[in-house]
Amino acid sequence: MADTVLYEVADGLATITINRPEAMNAMNTAAKIALRDALLASAADPAVRGVLLTAAGDRAFCVGQDLKEHTALLEADRAAGRGDTMSTVREHYNPILRAITEMPKPVVAGVNGVAAGAGLGFVLAADYRVVADTAAFNTSFAGVALTADSGVSWTLPRLVGRSRATDLLLFPRSVPAREAHEWGLVNRLVPAADLAAESAAVARALASGPTLAYASIKESLAYGAGHSLAGTLEKEDELQSRAGASEDHAIAVRAFLAKEKPRYVGR
């Protein structure tokens with residue numbers, strides 16, 4: 001992976017670190033490609049049972065698109081009479097969001113600072129968010145005359161409601177972590193000094209858990225968000241049958257009866 005994104009796998013946990021602290025972890029083309037490829041590698045690797053997505057430095061998790069590079073690309077487009085620059089949504093951001101939401105493994109976001117624009121989209125797409133009390137969230141899109149991307153128009157209203165999401169998108173502002181926690185955007189709010197240890201602990205716990213069951217939980221939540229109760233009940237039946245036939249379920253039941261802690265194998 002390019003050094004704009006660091007990738008490490010240890011004990012079933014893939015740690016993906018956006019590594020452009022000098023640019024507040026803004027996403028240039030190299031970073032977008034590296035992040036996309038790291039997530040796809042995590043999803044495909046059977047040795048990976050959980051993912052921690054975090055960022056270098058203490059100022060920002062990710063402020064979204066690198067506007068310096070973006071401006072240069074737009075100017076090149078205009079000079080050549082083409083419109084290639086905005087294909088980044090299709091080529092980079094959409095695959096990143098789908099990799100996070102569709103991978104059959106839990107993804108934890110460790111949010112160390114400002115998450116804005118696409119960076120906010122990455123955070124909201126994660127299954128669990130551990131956030132420093134010094135962090136903040138901002139949609140930012142309308143501030144540069146753009147609409148929402150990176151799944152924000154789907155994730156944000158489902159977390160905070162349509163009215164509040166509309167307000168945040170039309171009138172972007174910095175939402176402090178504590179306020180975001182009250183709204184339900186944050187699963188676990190921690191002191192900034194504890195973020196690295198706490199987010200890693202959460203991610204390791206999930207990586208050592210019943211991976212197939214977690215994948216089914218992700219799938220059922222996504223399905224239920226867009227389907228009827230009747231359809232969701234059928235999906236739950238399908239997924240529960242799959243989970244019930246797993247080796248991890250058998251391990252869990254035996255451990256429960258023996259009053260022992262289960263040691264899952266992830267299948």
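Predicted model: local features only at pLDDT ≥ 70, side-chain atom pairs only at ≥ 80, totals over all residues.
Residues are numbered from 1 along each chain as its sequence is written, and side-chain values use heavy atoms, with hydrogens and water left out.

**Exercise 1.** Find which residues have the most contacts inside the largest nonpolar core.

*Solution.* Start with the term. A nonpolar core is a set of buried Ala, Val, Leu, Ile, Met, Phe, Trp, Tyr and Cys residues joined through side-chain atoms within 4.5 Å. Buried means under 20% relative accessible area, exposed over 50%, partly exposed in between (1.4 Å probe, protein chains only). The largest core has 49 residues, and Leu35, Phe61 and Phe122 have the most contacts inside it. Helix α4 (residues 118-125) gives the most to this core: 6 residues. Helices are DSSP runs of H or I, at least four residues, numbered from the N terminus.

**Exercise 2.** Name the partners in the structure's 1 aromatic pair and classify the pair.

*Solution.* Rings of Phe, Tyr and Trp (its six-membered ring) pair if their centres lie within 6.5 Å; planes under 30 degrees apart are stacked, over 60 edge-to-face, the rest tilted. Tyrosine 93 and phenylalanine 122 lie 6.3 Å centre to centre, with 40 degrees between the planes, so the pair is tilted. Tyrosine 93 is in helix α3 (residues 88-102) and phenylalanine 122 in helix α4, 29 residues apart.

**Exercise 3.** Decide whether tyrosine 93 and phenylalanine 122 are buried or exposed.

*Solution.* Tyrosine 93 has a relative accessible area of 2%, so it is buried. Phenylalanine 122 has 0%, so phenylalanine 122 is buried.

How values were computed
Helix = DSSP H or I, 4+ residues; strand = E, 2+ residues; numbered from the N terminus.
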